Amino acid sequence: MHWMSVGHSKVAFTWVDARYFDGLSAQRRQVFVSLDVESWRLTIHDSSGAELDIWPLETLRQLRDDAGGGLVLCSGAVDPGEARIVLSNARAISEIKAACPNLTKTTVTGRTWGKIGVWIGASVAAVALMIFVIVPALAEQLAVLIPPEREAKVGSAVLRQIERVFSEQEAGDWHCTNSEGQMALEQMVQALQQGQEFPYPIQVGVVDNEMVNAFALPGGHIIVMRGLIEIAEAPEHLAAVLAHELGHVAQRDPIVQALRAAGTAGLLSLVLGDATGGTVLALAGETLIAAKNSRAVEARADDFALAQLAKAGVSPEALAEFFELLLEEMGDPVFGMGWISSHPPSAERAAHAREAVQTARSYQKSVSSQEWQAIQQICAK
Amino acid sequence: MTYTSTLQGEGAASAPTHLNGAFLPEKSKLFWLALWTGALTIVTFGIYRFWARTRLRRYIWSSTKPGGDSFEYTGTGLEKFLGFLIALVVIMVYSGILQVVLDFIGYNLWGEVISGPNDSMDDALIQTGLTYGAGLAILPLIFFAQYRARRYMMSRTRWRGLRFAMDAAALGYTWRVMLYFAAWSLSFGLLTPLATFRLEKYMTDRMWYGDARFEQTGQWTALYAAMKHQFIAVGVLLLGAAIIYFGQAVALGGNVMIAGGLWLIFGFVYYQVESFKYLTAHKVLEGKVHFTSNASSARVIRIFVLGVALIAVLVVGLIIAFGALFGLFALAGGGLDITGGDPWTEIFAGIGLVAGLGAIFGSLVALVCIGAFVIVFISAPILGHYVDTFRVENAEPLEQIRQRAGDNMVDADGFADALDVGGAF
Ligand SMILES: [Zn+2]
């Protein structure tokens, strides 16, 4: 083994022994390698001194993440060639690392990038098609096939799960049970059902929670949270929200949405992988898609609400007012989630509600002020 | 003997007739590699996972050195990523439709079963039934994926410069597994040896090293010896039940049953190890080269138990660090996966988003750490034990084996990645 200096700093070596696999047979051979910095080559001699191979330095690649402690080399700019050299001489290894510029470089051909582009495009298209077209359509068609009485039972089961969560969250009664308030509330809902056939009896209840929120569950359950009653400035505001949620019930939106969400969540978790960063993205994605899909659904529920408010003799303006109320309060972060997040109030929605108001007609209160007081006290103990 | 070297060098003077396996990773290097690639996976929202897996494999492969020459893993992250995309498009359509349909069936059944006001047992029952239903429908795809993944890994593995390979026969494998799976279920597990042996034979007979073919010889009935501890465990369990039922001694019977349960777990590990030993001893390469494994089930269990204990201690620290945030997250997000529907989002939307995201991030960091611990203290040591106790007998004919052409699998092991059935490495 010889070491020699080339120029001031460039050092090369000759006759360093190494293991060589020619990539043609399973033989292991002891060979000698020489690094020639002048001619930019690594020369491989067999034990008899005959030249086996010459590798240009710029084509040398090392195997990465190698646990061997030595250096495994191959030669090939795009494809790693078949032959391998295994070096264990520390000094020779550092010389090679200093002399070869491309040891850790990987070259990806344009064709590969093209393939990747095509398949990324195809998979994005497939995901989009499934999430935005096939799954929603399938959910809507299948939801129709679920008999109402079964949907009602699904609703009760969901309700029980909500109950479980709330009773864990805050000890005590989660459900507001003041009977006068409940009666007044049911009367309000009854009035809003005029001329409509629902597949199941509507059951309305108030949850003792400060959030400003209301929602419909499968099977005709409508849940209102105490916070929403507190922020309403008049009984008609509450009536408007209830009418809107009744719209969801009439269109069977909750069960459609549950079916759709199951499909979407399954798809997204497939794309994004298991318990890694994908989880966050899947949650965010699901929320975004739910929000996007729901615009048309919300508009239909609004229209339903406007019609039913008018039938009950309540001015559709109440819905507009409630939206405006929410618009004012939007800045408040505590307040910023709840009903607002699923029902973004906007000037257009308010204006659309106001269009439904017939100026010639006189409207009445939805419930008496006594009854309104009872509703406001529904959570009092 | 065709060693050309006459000079100093390992194994040159007298070529061994057998080669010992050797697994020589540096634990700290492996840990930092797992941790670093795990962190990159989080930061890239999971996209880096293909490269992470590839780098770990490269490291593990190169730590494995039968006869002093290390394995080489030639797969690339890019190739895996592309394979994943291809598999995704296929699976997407299948499973998206499946999910909605199953959910539909679920709601119908749900309504059927639930009658009382508070029978959450039935909810759980239906949920379990649905999970199994989904499992059955996706099962063929999983077996298909497993064969293709094994074939991909073989085709990307080299030793002494020569490629391994496996024939393209995933479909044949899939229907055979389904068949043996049915036989296995109908026989209450009594036909386990038949399934183990025949499936291993199906795969082994299609495996190559260079131009040399592997063959699985032996008898499936011989594997019953490996099942003996499972039989004993079942006997102990029955004895415990009998003591409770006939002897009315609940405490004694309960203890006997606990012992039986632990014995059963040991029995499963024992079967894994012993069947591996038998199958290894009856594999032949090119009709001449034989193999032996001296793996020990006691050793495998010890590695596992010690690893779990060690990880538990390490994880306690992580739990203390993230515990508070985690609790908040459980409240904020716990309901989302039940229906994922509008009502849930509305209910939980009010709870602090920032705290929730913080908790998610914290738990992801904890997961990455635990993943790295599992690799370093459990998966790698167990693999190491198998490798260290592995021997190639009569290694001389290896020298005659020639290279084979590369196998271009565009879908790589993408199906396994998409279905998450990749295994430890
Ligand atoms: Zn709405």
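How many disulfides are there over all chains?

The model is predicted: local features need pLDDT of at least 70, side-chain atom pairs count only at pLDDT 80 or more, and totals for chains, interfaces and linings use all residues. Residues are numbered from 1 along each chain as its sequence is written, chains are lettered from A and ligands numbered from 1 in the order in which they are written, and side-chain values use heavy atoms, without hydrogens and water.

**Exercise 1.** Count the disulfides over all chains and describe what is found.

*Solution.* 
- A disulfide is a pair of cysteine sulfur atoms within 2.5 Å. By this rule the count over all chains is one.
- The partners are Cys176(A) and Cys379(A), with an S to S distance of 1.9 Å.
- The torsion about their S-S bond is about 85 degrees, so the disulfide is right-handed.
- Cys176(A) lies in the loop between α3 (148-169) and α4 (179-192) of chain A, and Cys379(A) in the segment after α12 (369-376) of chain A, so the pair ties together parts 203 residues apart in sequence. Helices here are DSSP runs (H or I, at least four residues), numbered from the N terminus.
- Both Cys176(A) and Cys379(A) are buried. Buried means under 20% relative accessible area, exposed over 50%, and partly exposed in between (1.4 Å probe, protein chains only).

**Exercise 2.** Classify the ring pair of Phe31(B) and Trp32(B), then that of Tyr173(B) and Tyr202(B).

*Solution.* 
- Rings of Phe, Tyr and Trp (its six-membered ring) pair if their centres lie within 6.5 Å; planes under 30 degrees apart count as stacked, over 60 as edge-to-face and the rest as tilted. The structure holds 26 aromatic pairs over all chains.
- For Phe31(B) and Trp32(B), the centres are 5.4 Å apart and the planes at 70 degrees, so the pair is edge-to-face.
- Phe31(B) is buried at 16% relative accessibility, whereas Trp32(B) is exposed at 54%.
- For Tyr173(B) and Tyr202(B), the centres are 6.1 Å apart and the planes at 35 degrees, so the pair is tilted.
- Tyr173(B) lies in helix α5 (residues 170-186) of chain B and Tyr202(B) in helix α6 (residues 192-204) of chain B, so the pair ties together parts 29 residues apart in sequence.

Methods: Helices (H or I, at least four residues) and strands (E, at least two) are DSSP runs, numbered from the N terminus.
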